[in-house]
Amino acid sequence: MGILSSKRRTVQIFMINEDRVQLVKEVNTPEQPCAVSLDGYFLCLALTTQYMILNYNTGANQDLFPYNSEERKPIVKRIAREEFLLAAPGGLGMFANAQGVSQRAPVNWSESVIGAAVCFPYVVALDESFITVHSMLDQQLKQTLPFRDGHILQDFEGKVILASTKAVYILVPLPLERQIQDLLASHRVEEALFSLKEPRGISPKKSFRKGQLDVRELISLYPLLLPSSSSFTRCHPPLHEFADLNHLAQGDQEKVQRCKRFLISYLGEVRSTEVANGCREDVDTALLKLYAEQNHDSLLDLLASENFCVLADCVPWLEKYHKYFALGLLHQYHGQDSAALQLWIRVADGDLQDDTRSDLFEYIVDFLCSCSSLDLLWKYADWVLRRNPTTGVQIFTKRISSKNQVEPSPDDVVTYLTKHREALLLYLEHLVLERQIQKETFHTHLAVLYLERVLALLSETPPDEAQLTKARERLQAMLRESSLYRVQYLLGKIENCENLLLERATLHGKLEEHDKALHILVHQLKDFKSAEAYCLWASETRDSAYRQKLFHLLLGAATAGGGGELEMAAVDLLNRHGEVFDAVRVLNLLPESWSLQLLKPFLGRAVRASVHACRTSQIALGLARSEHVQLLHDRLKETRKPILVSDKKGCFLCHNTFSEPEVVCLPGECLSTRTVSPTESRTPPPKNI
């Protein structure tokens, strides 16, 4: 507990403990304080000429407004956290927070007020002749009591204490129930709700729960919220005299809206508790109707989770407020997927107006991806693909086969998509490139589509070079990386197309016709770099002899009367890939007119490689001879070692005891000659023991 003491220009703050009183802070003020109040670190001071707020922890201060302490007694009252009530000039009770801002309208009380107290949500003021009670909600005068010779008015722990020259009184408020009844009778609903909240700290919601109010009593005040199938009837005798919310609010639409927002909040809290037991359909249906009417963000959350909304009652309500996407979710929750899709498609086509989701088409696609019914998928596939084939094809590509979800046959999908070529291309790419399905028809079909796209671009005048380049790159990648398509079929389609020579070379390579492929690259395209890359690609998964064969073919194509440019390319090839070539064959192949100086890097590499190979083979030969000598030595040791055989020992394989002197000896074991056939016996030959 803390107390304040002021003297001269100083305010002292004390903390009272059980065993001692401790000085916490001493604060200097610019003038002599006439009145002071404390909340946390904030002091509200009435000096001789003005009010001010002072933070004794940081030392910061804020002047509020001036007044004359000689004309009237200053009043400083704490009314809430970091908020104070002050007596201002002009007979006003001003509210100010710790930042010096007034967040409530002032109370218009008497010019001669001498004391004030707070009994939330009311301000009680004392002047020379009366006690007045004003509401902090609307700042209106609510009650006036005659009282003379009053000197002191204070509030302490919820009680208002009044002192005159002869006696001390306690102002006792009416019981809360009586206050609420009087307020409701005078149609002051908001004050009634506030009275429930303060000062006891119990909200209306807690009061309803504590009083075990049937939530349908509250819902029944709101016209048409209860479902038509509800069996609820109001209790008798009635809890109140109001027919409905309109009667209660007396046409004040602002009050109506506040009451609806309160009901939304209350129903949202109790729908999953015991309060809603036995009436969940009534609660959820009412909540859905309120959400739709108020355009509340929680409408979709309600429908996306477990709910008990009555379909027959909710459909016309959602249609009334154009909540067609939400209506589709409601149909979906009740297992009516087809009805939901029909609604969403009408919204996407513009037949119905609902801007709940700007990405409704994408939502429909995702819904079809996850729906369990193949019939539904095929029914709406055409609409999806016609609207946007790029996104629409995801109903097939993103569909995952599971226990509850069957994936359509890829062959059926390909057949269906023949009338949607763009979607067909994307689906085949999904099968071949992503899922890597190894099926000839899919690979051939995709390659043909790539080729047809390239041919279509080539036929344009002029062709779009950027798109053409991109299309050819996709075609070339497909021809290189796949080995399942029908090569002869594709080759027949481009055999006479001079603009697709690189693709023809790749197809010849797939047929192992490397001489034709290299002839196209070297002599028709005159692209030696591509020819070199072709050799590397074609021999990527083959042995070194195969790669050497291809490079020799390339060298032969380059030296077969190609002119100086090809000869220089051949020299460069030899110097960069000299390790691949057979040096002897190269020297026999090259023209005699070539300068050795040009081939110096190649020859140097060839000599080093030859010397290295020779020395490596010599080392390998020496190691083999050493191993052979070691084996001979081991064999000699085994033949000279004595072997003891008796009729108590048995054969290692047949486990019979030895009955003959002839046995077969293996390292560490003896075998009977009857067990081992001549073709199975090993050296050394049987010994007679």
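The expected span of a helix is 1.5 Å times one less than its number of residues. Helices (H or I, at least four residues) and strands (E, at least two) are DSSP runs, numbered from the N terminus. The model is predicted: local features need pLDDT of at least 70, side-chain atom pairs count only at pLDDT 80 or more, and totals for chains, interfaces and linings use all residues. Residues are numbered from 1 along each chain as its sequence is written, and side-chain values use heavy atoms, with hydrogens and water left out.

Helix α6 covers residues 253-270. Its 18 residues should span 26 Å at 1.5 Å a residue, and the end C-alpha atoms are 26 Å apart, which agrees. At the start of α6, a side-chain oxygen of Asp252 comes to within 3.1 Å of the backbone nitrogen of Glu254. This is scored as a polar contact (a pair of N or O atoms within 3.5 Å; within protein, one must be able to donate a hydrogen and the other to accept it, and residues adjacent in sequence count only if both atoms are side-chain atoms). Burial was assigned from relative accessible area (buried, under 20%; exposed, over 50%; partly exposed, in between; 1.4 Å probe, protein chains only). The buried residues of α6 are Lys255, Val256, Cys259, Lys260, Phe262, Leu263, Ile264, Tyr266, Leu267 and Val270.

Side chains of opposite charge can pair when their charged atoms come close. The structure holds 23 salt bridges, each a side-chain nitrogen of Lys or Arg within 4 Å of a carboxyl oxygen of Asp or Glu. One of them joins Lys260 to Glu293, with the closest N and O atoms 2.4 Å apart. This pair links distant parts of the chain: Lys260 sits in α6 and Glu293 in helix α7 (residues 280-294), 33 residues apart. Lys260 counts as buried because its relative accessibility is 14%. Glu293, at 23%, counts as partly exposed.

Helix α7 also contributes Lys289. Lys289 forms a salt bridge with Asp313, the closest N and O atoms being 3.4 Å apart. The two lie 24 residues apart, with Asp313 in helix α9 (residues 311-320). Asp313 is buried, with a relative accessible area of 13%. Lys289 is buried at 2% relative accessibility.

A salt bridge also connects the side chains of Arg435 and Glu407 (2.8 Å, N to O). Arg435 lies in the loop between α17 (421-434) and α18 (440-458), and Glu407 in the loop between α15 (394-397) and α16 (410-416), so the pair ties together parts 28 residues apart in sequence. Arg435 is partly exposed, with a relative accessible area of 36%. Glu407 is partly exposed at 23%. Elsewhere, Asp214, Arg216 and Asp282 are linked in a network of salt bridges.

Strand β13 (residues 122-126) is mostly covered, with five of its five residues buried. In a regular strand the side chains alternate between the two faces of the sheet. Tyr122, Val124 and Leu126 point one way from β13, while Val123 and Ala125 point the other way.

Strands pair if DSSP finds at least two bridges between them. Strand β12 (residues 115-119) runs antiparallel to β13 and is joined to it by five bridges. Ala116 stands opposite Ala125 in β13. A hairpin of two residues connects β12 to β13. Strand β14 (residues 130-135) pairs with β13 in the antiparallel sense, again over five bridges. Here Tyr122 has Ser135 of β14 as its bridge partner. The β13 and β14 strands form a hairpin with three residues between them.
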